Amino acid sequence: MQIISYQTPSVALMLLFLGLLISFLAITDAQSIGACYGKNGNNLPSEQEVVSLYQANRIGRMRIYHPDQPTLQALKGSNIELILGVPNDNLRDLADASAATNWVRDNVVAFASEVKIRYIAVGNEVPPGDSNAAFVLPAMQNIQNAIVSANLQGQIKVSTAIDTTLLGKSFPPSDGIFSDNANSYITPIINFLKANGAPLLANVYTYFSYTENPQSISLEYALFTSPGVVVTDDPYKYQNLFDALMDALYAALEKAGAADMQIVVSESGWPSEGSGAATAQNAGTYYSNLINHVNQGTPRKSGQAIETYLFAMFDENLKEAGIEQHFGLFSPSKQPKYKITFG
């Protein structure tokens, strides 16, 4: 009896601990927010300092826009998950299979054992009519083949990042559809993503939607601060513009034959200076509310947490003057611009 009475609580405690651990890991993964790390500034901290800043603020995911070797070196052993970008001006070269193999060898395989590369973003916001558009899918296919050859297909997914201008219609959200101009470009990409179990990356900015149409869109709707339902699209009800844009994309994917495709928000942010709506108060409100909201999903995908990357980690003083220099969550001195909890 003594042996049984001693073991039973221990087993129970072990099971309880394991359950709590599994729950904690699941919650940590779901709540882990990402931030985009651009380097278009001449006053930014070192790469190792940046990685430490991510860790100190419990920012579990990073997006970089090119295979910057110092950043990849600094990420080794950090456990930070990464979106690794292929710049648009590299797409033509990577449409050649041997060039793509070399790119993956040098920038992916060389780091994959110590850096948690999650996605490769082949191009960023390439317009359908752009001279690089024809090379996006071939480059994706070649990089995918090189990833498979390196036996990394279970670890790394190949995608591309679009923006919401590819939508021909977005209101009401259930009518979301890709434009005729974009359809021939995006449909083969969607089919590629489906075949390889990869998500679509999308840059989603309520700021631009609001500033381009302030007569029809309220600031509160764009900032997640509307006190009640603003748009009813039976059976869905929308209290914020972010959900409406996301569901328009989901509806467009459904019409393209990809109803179950995941969308990763690869950029979303609000500038703190540079125009009337670009204020520190608005930006802080947007980032804080976005972080708190994305785990809830959207009306079409209720309860399905949205993997989201805030744009961007720092103000970048070498970007075009105006709002583009003021999307940072932190100043170059590493001081936080807003009172935000990321974890």
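Q: What should I know about the numbering and the confidence limits before I start?
A: Residues are numbered from 1 along each chain as its sequence is written, and side-chain values use heavy atoms, with hydrogens and water left out. Because this is a predicted model, local features need pLDDT of at least 70 and side-chain atom pairs count only at pLDDT 80 or more, while totals for chains, interfaces and linings use all residues.

Q: How many helices and strands are there in the protein chain?
A: Helices (H or I, at least four residues) and strands (E, at least two) are DSSP runs, numbered from the N terminus. In the protein chain there are eleven helices and twelve strands.

Q: What does the radius of gyration say about the protein chain?
A: The radius of gyration is taken over C-alpha atoms, and the globule rule is 2.2 Å times the number of residues to the power 0.38. For 343 residues, a compact globule would come out near 20 Å; the protein chain has 21 Å, so the two agree. Its C-alpha trace spans about 75 × 55 × 45 Å along the principal axes.

Q: Which strands make up the barrel, and how do they pair?
A: Strands of a sheet pair through backbone hydrogen bonds, either parallel or antiparallel. Here two strands pair if DSSP finds at least two bridges between them. The order E1-E2-E3-E4-E5-E8-E11-E12 forms a closed barrel of eight strands with parallel pairing. On average, neighbouring strands of this sheet are turned by 25° against each other, direction ignored.

Q: Where can I look at individual pairings?
A: Then look at E4 and E5, which run parallel and are joined by four bridges. There, Ile120 has Val158 in E5 as its bridge partner. Strand E5 (residues 157-163) is mostly covered, with six of its seven residues buried.

Q: How do I read a helix such as H11?
A: The expected span of a helix is 1.5 Å times one less than its number of residues. H11 (residues 280-293) has 14 residues and should span 20 Å; its end C-alpha atoms are 20 Å apart, so the model agrees.

Q: Which residues of H11 are buried, and what covers them?
A: An α-helix has 3.6 residues a turn, so residues three or four places apart point the same way. In H11 the buried residues are Asn282, Ala283, Gly284, Tyr286, Tyr287, Leu290, Ile291 and His293. Their cover includes helix H8 (206-212), helix H9 (219-222), helix H10 (241-255), strand E11 (263-268) and strand E12 (308-310).

Q: At what angle do helices lie across the strands?
A: Axes are lines fitted to C-alpha atoms, for helices over the stretch in contact, and angles run from 0 to 180 degrees between N-to-C directions. H11 lies across E11 and E12, running at about 165° to E12. Helix H5 (residues 97-109) lies across strand E3 (81-86) and strand E4 (116-124), at about 150° to E3.

Q: Are Asn79 and Phe224 buried or exposed?
A: Asn79, in the loop between helix H3 (69-75) and E3, is exposed, with a relative accessible area of 54%. Phe224, in the loop between H9 and strand E9 (231-233), is buried, at 15%.

Conventions: Buried means under 20% relative accessible area, exposed over 50%, partly exposed in between (1.4 Å probe, protein chains only). Contact means heavy atoms within 4.5 Å.
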